[in-house]
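Hello,

Here is the structure I said I would pass on. My notes follow below it.

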Amino acid sequence: MVETTISVIKADIGSLAGHVVVPDFILDIARKSLKEGVEKKIINDFHVTNAGDDLELIMTHFKGENNEEVHKLAWDTFMKGTEKAREMKIYAAGQDILADTFSGNVKGMGPGSAEMTFEERKSEPIAVFMADKTEPGAYNFPLFRMYADPFNTAGLVIDPNLHDGFRFVIQDIKTDIPSFIEMKCPEESYDVLALLGSTGRYTIKKVYRADGMVTASVSTDKLHNIAGKYVGKDDPVAIIRAHSGLPAMGEVLEAFTLPHLVSGWMRGSHIGPLMPVGLKDSRCTRFDGPPRVIGLGFQVSNGMLIGPIDMFEDVAFDITRQRAMEIVDYLRRHGPFMPHRLHDQDMEYTTLPDVLVKYEKRFVDYEVVPKGKVKDTSDSAK
Ligand code: F6R
Ligand code: MG
Ligand code: MG
């Protein structure tokens, strides 16, 4: 039986006005390019959308993961969009295009990708989550809840097919050479949490059911690590397979009901709540945020995508959004103070090293003497 692959490949190649939304003409260019990809039989089907300023290419095919033709199609699509974005002087045109020429796979070249391959079940419901203004570790919390927290996923307790638990493939994203560990829940759940709680370092790459059935795939590309300097956030995507022995779609979505705090937001240097929104609100505005996630549901049918359905465009998520905006209001009042502003090592932009160099010589050993005066007691003052 032929296996179907879902490849979600994304990049920020320019947006309007500022880092807000992908312009319609870029979405059109992408649709045209992927349609040609279908005609040339590179892919089978596709859906193009945007998560804020990120262009998202959702593709199905039968060629397996890391397929050169599929990755090249995505790369060429980003190049075509970038060319037009540059011509139109769209903001940050070509931002995530970090290489001059394609070299076999988009990994390490700027775009982010999540892929998953499986033999289609009798019916195959999936959800694709796409976030803006945040990092790959943003999915650690909801994915742990989906696959390892019985207070979120009732099926872990009451569905015999989920009862044996799930295996998490976790990536250490701070190493130069990709480094992964596989851990099992519930048996190792405290140790899994010890890693996943460090969202800037350990991120979930894939999740499998205990018997090996794949159910989740996340993009873990860190632009900052690739470019060696700030070039934008990673704005990750996740593909989730639901139902029939996996968490139900309602359990998958339940995991996003707490607007948990994530890194990113303004200048990639703040924490803020991850707000689930419908497509109509897929645009980061207030203080370039707050960080947002959209969720599209599809049925995968013989390699075709039926749908999408806009999962978070529902009154059931109003309370989450309301809570998120209350948190936003509270956090914003902290201005430049931690923990709203990230720790200096985690900031994407920082002036701190320059400030420290500028004032280096003025750091001296002072001794406070009576009447509020200070006396320099360092050797240099003697
Ligand atoms: C970029 C982003 C924004 C920018 C900020 C400053 O993806 O999310 O928060 O970091 O708007 O942008 P520049 O430096 O381009 O003026
Ligand atoms: Mg941007
Ligand atoms: Mg973005």
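Where is the place of P150? P150 sits in the loop between α3 (140–148) and α4 (155–158), with helices (H or I, at least four residues) and strands (E, at least two) taken as DSSP runs numbered from the N terminus.

Before the rest, the conventions. This is a predicted model, in which local features need pLDDT of at least 70, side-chain atom pairs count only at pLDDT 80 or more, and totals for chains, interfaces and linings use all residues. Residues are numbered from 1 along each chain as its sequence is written, chains are lettered from A and ligands numbered from 1 in the order in which they are written, and side-chain values use heavy atoms, with hydrogens and water left out.

Back to P150. P150 is partly exposed, with a relative accessible area of 41%; buried means under 20% relative accessible area, exposed over 50%, and partly exposed in between (1.4 Å probe, protein chains only). Leaving aside residues up to four places away in sequence, P150 touches L156 and V157, where contact means heavy atoms within 4.5 Å. From P150 to N67 the C-alpha to C-alpha separation is 37 Å, and the two are 83 residues apart in sequence.

Next, the metals. Donors here are N, O and S atoms within 2.8 Å of the metal (3.2 Å for Na, K and Ca); water is not among the atoms, so sites may look incomplete.

The magnesium ion (ligand 2) has D12 (OD), H19 (ND1) and D53 (OD) as protein donors, at 2.0 to 2.4 Å. Along the chain their spacing is D-x6-H-x33-D. D12 is in the loop between β1 (4–11) and α1 (24–39), and D53 in the loop between β2 (45–51) and β3, so this pair links distant parts of the chain, 41 residues apart. D12 counts as buried at 2% relative accessibility, and D53 also counts as buried at 2%.

D53 also coordinates the magnesium ion (ligand 3), and the two ions are 4.6 Å apart. The magnesium ion (ligand 3) is held by D53 (OD), D54 (OD), D132 (OD) and D235 (OD) at 2.0 to 2.1 Å. D54 lies in strand β3 (residues 54–61) and D235 in the loop between α6 (223–227) and β10 (237–241), so the pair ties together parts that are 181 residues apart in sequence. D54 and D235 are both buried.

K133 is in the loop between β5 (125–132) and α3 and is buried, at 3% relative accessibility. A polar atom of the K133 side chain lies 2.9 Å from the backbone oxygen of H19.

Last, the salt bridges, each a side-chain nitrogen of Lys or Arg within 4 Å of a carboxyl oxygen of Asp or Glu. The count comes to 21 salt bridges. Among them:

- K206 and E65 meet at 2.7 Å, N to O. K206 lies in strand β8 (residues 202–209) and E65 in the loop between β3 and α2 (68–87), so the pair ties together parts that are 141 residues apart in sequence. K206 is buried at 12%, whereas E65 is partly exposed at 31%.
- E36 and K32 meet at 3.7 Å, N to O. Both lie in helix α1, four residues apart, about one turn of the helix. K32, E36 and K80 are linked in a network of salt bridges.
- E39 and K35 meet at 3.5 Å, N to O. E39 is exposed at 54% relative accessibility, and K35 is partly exposed at 48%.

Regards

Definitions and conventions
A polar contact is a pair of N or O atoms within 3.5 Å; within protein, one must be able to donate a hydrogen and the other to accept it, and residues adjacent in sequence count only if both atoms are side-chain atoms.
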